[in-house]
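Subject: Structure handover

Hello,

Here is the structure you asked to look at. My notes follow below it.

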Amino acid sequence: MNETPLSAGNARLKELRKLSRRSVRTERRLFLADGPKAVEGALGVPGCVVEVFTTVAGRSLVPAGLPDDVAVTLVDDRALAGLSDSVTPAGVVAVCRFVDVDLPAALSGGLVAICADVRDPGNAGTVVRTADAAGADAVVLAGSSVDLYNPKTLRASVGSAFHLPVALAPDPLDVVRAAQAAGFTVLATAADGELALHDPLPAGPTAWLFGNEAHGLPADLAAAADHRVSIPIHGRAESLNLATAAALCLYESARHRAR
């Protein structure tokens, strides 16, 4: 490790700061994992981490036993702040390769969450985290959903984006059809569903379809699902937050699987 920290004006660091833009991330298939949890999670995926940047004060945050091909580079505080999107940078950032999988790989298990046009990074990351906790096999971010590699999405997943296969797909309807062709029963969340969450749900591989936070699922997409399922509201709340609804649905399926 070079003991002289690189400054924010370093040309290589200037190039890496461009990874804050989705278009650049997509073109280079690289992203920045910000903070100890994210770096630790990325290191759990073979070949994901390219290089780790830290400050003198943050050296203790770099996980032990790094692969031999992963360099650790010291930077000054201002340089690290330029690589981090946090108000108070945690002290370590890694340059990583994309980890998403293709759609057939995501549809190879028995429980999948499909997010259609989910725009909020906190919600998307929380769905990934919840799916991981519920024992789901994958998540698909479809349509105009937020970028998996948005720092806020990664932070909200609390490392689960590195534990659970996540696929990216341009058209939610194509994902629904692919899931059905792969043997999944697709269940769409809908306020007027013909099934309620406490009703007996179909057995076998299940794909839950969740819609946009503000507008829900378009009528044609909800109609393409095999069933529409409502979550009973027992109080006066108008509806549930997307991530909360996803947690209830995924855990209900997990309960059925455990039987």
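The notes cover the sheet, then the aromatic pairs, then one arginine.

Please keep in mind that this is a predicted model.

Sheet. Seven strands form an open sheet in the order E7-E6-E5-E10-E8-E11-E9, with parallel pairing. At its edges are strand E7 (166-169) and strand E9 (195-196), each of which pairs on one side only. Strand E8 (residues 185-189) pairs with strand E10 (residues 206-210) in the parallel sense over four bridges, and Val 186 stands opposite Ala 207 in E10. Helix H11 (residues 242-258) packs on the sheet and touches E5, E8 and E10; its direction makes about 170° with that of E10. Helix H6 (residues 121-133) lies across E5, E6 and E7, and runs at about 160° to E6.

Aromatic pairs. The structure holds five of them. In one, the ring centres of Phe 31 and Tyr 149 are 4.6 Å apart and the planes are at 35°, so the pair is tilted. Phe 31 is in strand E1 (residues 30-34) and Tyr 149 in the loop between E6 and helix H7 (151-157), so this pair ties together parts 118 residues apart in sequence. Phe 31 also pairs with Phe 162, with centres 6.2 Å apart and planes at 20°, so that pair is stacked. Phe 162 lies in helix H8 (residues 160-163), 131 residues from Phe 31. Ring pairs link Phe 31, Phe 98, Tyr 149 and Phe 162 into a cluster. Relative accessible area is 0% for Phe 31 and 1% for Tyr 149.

Arginine. Arg 25, in helix H2 (residues 22-28), counts as buried at 4% relative accessibility. Among the residues that Arg 25 touches are Phe 31, Phe 98, Asp 147 and Tyr 149.

Regards

Methods. Residues numbered from 1 in each chain as written. Predicted model: local features only at pLDDT ≥ 70, side-chain atom pairs only at ≥ 80, totals over all residues. Heavy atoms only, no water. Helix = DSSP H or I, 4+ residues; strand = E, 2+ residues; numbered from the N terminus. Buried < 20%, exposed > 50% of the residue type's maximum accessible area, 1.4 Å probe, protein only. Contact = heavy atoms within 4.5 Å. Pairing = 2+ DSSP bridges. Axes fitted to C-alpha atoms, helices over the stretch in contact; angles between N-to-C directions. Phe/Tyr/Trp six-rings, centres within 6.5 Å; stacked < 30°, edge-to-face > 60°. Lists of a residue's contacts leave out its neighbours within four places in sequence.
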